[in-house]
Structures are given as C-alpha cells and as structure tokens.
Amino acid sequence: MKEQLTQSDVKKIKEEIEYRKLVVRKKELEAVKEARAQGDLSENFEYKAAKQDKNRNESRIRYLERMLKNARIISDASKEDEAGINNTVELYFEDEGETDTIRLVTSVRGNSLEGLISIESPLGKAVLGRREGDRVKVELSEGRGYYVVIKKIIKTSDDSEDQLRKY
C-alpha cells in the first residue's frame, strides 16, 4: 500500500535522508575505521557494533527513499469548519464520558501515545472531514464500534515540532 504523505512530510523525509547521508553516514564510517584498527576482527565487539550501526543507517536511508518513491501526495487543506490533516480535534467519547484531544496526521507521523492519530486508523477515518457538533461512529471489526462527538476543531500549522515516526 502506498503511504499517504503531505508536502510537509515529503520535505521532512528529504531532510532526514540528507542528514543521514551527509552527517550520520560519515560518523558511522569513521567508527567502523576506528574499530577495524583495533586488531582481530573476529573478536572485536566494537567493530561488529559499528558495522551494525552503519547498516542500520543505510537501511533507514533505503526505506525512506522507497517511501518517497511509492508515496501518494495528498493535500492537507480542509474547509474552515471541517476536521482535516494536521488539525487538532477535541472529542467527547460517549462510552467513557471523557473528553480527549487528538491531532489528525498521516500514517508516517501517527503516534497514539502522543495523541497523533493517523487518518488511516478507524478513529482518524471517522473524524476526517467532519464538523464541530457531529456525532460519528468509529467502526471497529465485526460491526463493533463506539461513538464520539466532535466538540472543537482547531486549525493547526503543519510546521509544528512533531517528528516522523522512527522505524
């Protein structure tokens, strides 16, 4: 499945790739050289660890480049009164009688522990495009679900400090 990314996501991914190629790669290669100089490679833990770190960085670069190559670029624009990507939404969960605040984001930024809810998740799909005051059902598996009421929508700038999810 293609990742859905906004232009801001693409920019941040490109910045991470550049940083990893220009800064991290150089540092990791130097660490491998230093560890190699310590002698017998068969029992050299530092060498093995340095090689693993170097390979992990190269894997991350390849992963990000593949993500960009296969991504589907989507707009983060939404109507003034609708919940859209990068908007903060205050929700009332009827079953628990509690209110919670989430931010709708693309899947690459999703982190439910920090309140960043992917637009591809059941909650994200239910809330995306809805208006304040709407009562929506969040569909779960086998016809189950729960209801939330959209209490407030706050238009949020996409240039906030949240980071891309690290793999």
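Student: Leaving aside neighbours within four places in sequence, which residues is Glu82 in contact with?

Tutor: This is a predicted model, in which local features need pLDDT of at least 70, side-chain atom pairs count only at pLDDT 80 or more, and totals for chains, interfaces and linings use all residues. Residues are numbered from 1 along each chain as its sequence is written, and side-chain values use heavy atoms, with hydrogens and water left out. Glu82 lies in the loop between strand 2 and strand 3; helices (H or I, at least four residues) and strands (E, at least two) are DSSP runs numbered from the N terminus. With contact meaning heavy atoms within 4.5 Å, the partners of Glu82 beyond four places in sequence are Asn87, Gly129, Arg130, Arg131, Ile153 and Lys155.

Student: Is Glu82 buried or exposed?

Tutor: Buried means under 20% relative accessible area, exposed means over 50%, and partly exposed lies in between (1.4 Å probe, protein chains only). The relative accessibility of Glu82 is 16%, so Glu82 counts as buried.

Student: With which residue does Arg131 form a salt bridge?

Tutor: A salt bridge requires a side-chain nitrogen of Lys or Arg within 4 Å of a carboxyl oxygen of Asp or Glu. For Arg131 and its partner, the closest N and O atoms are 3.6 Å apart. Arg131 lies in the loop between helix 3 (122–127) and strand 6 and Glu82 in the loop between strand 2 (72–73) and strand 3, so the pair ties together parts that are 49 residues apart in sequence. Arg131 is partly exposed at 35% relative accessible area, and its salt-bridge partner is Glu82.

Student: How far apart are N and O in the salt bridge of Glu94 and Arg135?

Tutor: The side chains of Glu94 and Arg135 meet in a salt bridge. This pair links distant parts of the chain, 41 residues apart: Glu94 is in the loop between strand 3 and strand 4, and Arg135 is in strand 6. Glu94 is partly exposed at 27% relative accessible area, as is Arg135 at 49%. The N to O distance in this salt bridge is 2.7 Å.

Student: How many residues apart are Arg20 and Glu16 in helix 1?

Tutor: The side chains of Arg20 and Glu16 form a salt bridge with an N to O distance of 2.9 Å, and both residues are buried. They are separated by about one helical turn because their spacing in helix 1 is four residues.

Student: Where is Arg109, and which side chain does its own side chain meet in a polar contact?

Tutor: Arg109 is placed in the loop between strand 4 (98–105) and strand 5 (116–118). Arg109 is buried, at 1% relative accessible area. A polar contact is a pair of N or O atoms within 3.5 Å; within protein, one must be able to donate a hydrogen and the other to accept it, and residues adjacent in sequence count only if both atoms are side-chain atoms. At 3.5 Å, the side chain of Arg109 makes such a contact with the side chain of Ser8.

Student: In strand 7, what is the bridge partner of Val136?

Tutor: Two strands pair if DSSP finds at least two bridges between them. Strand 6 (residues 135–139) and strand 7 are antiparallel and pair over five bridges. They form a hairpin with five residues between them, and Glu142 in the turn has a positive phi of about 55°. In this pairing, the partner of Val136 is Val148.

Student: Which residue of strand 7 stands opposite Leu91?

Tutor: Strand 3 (residues 88–93) and strand 7 (residues 145–154) run antiparallel and are joined by six bridges. In strand 7, the residue opposite Leu91 is Ile150.

Student: Which residue of strand 4 stands opposite Tyr92?

Tutor: Strand 3 is joined to strand 4 by six bridges, and the two run antiparallel. Their hairpin has four residues between the strands, and Gly97 there takes a positive phi near 70°. The residue of strand 4 opposite Tyr92 is Thr99.
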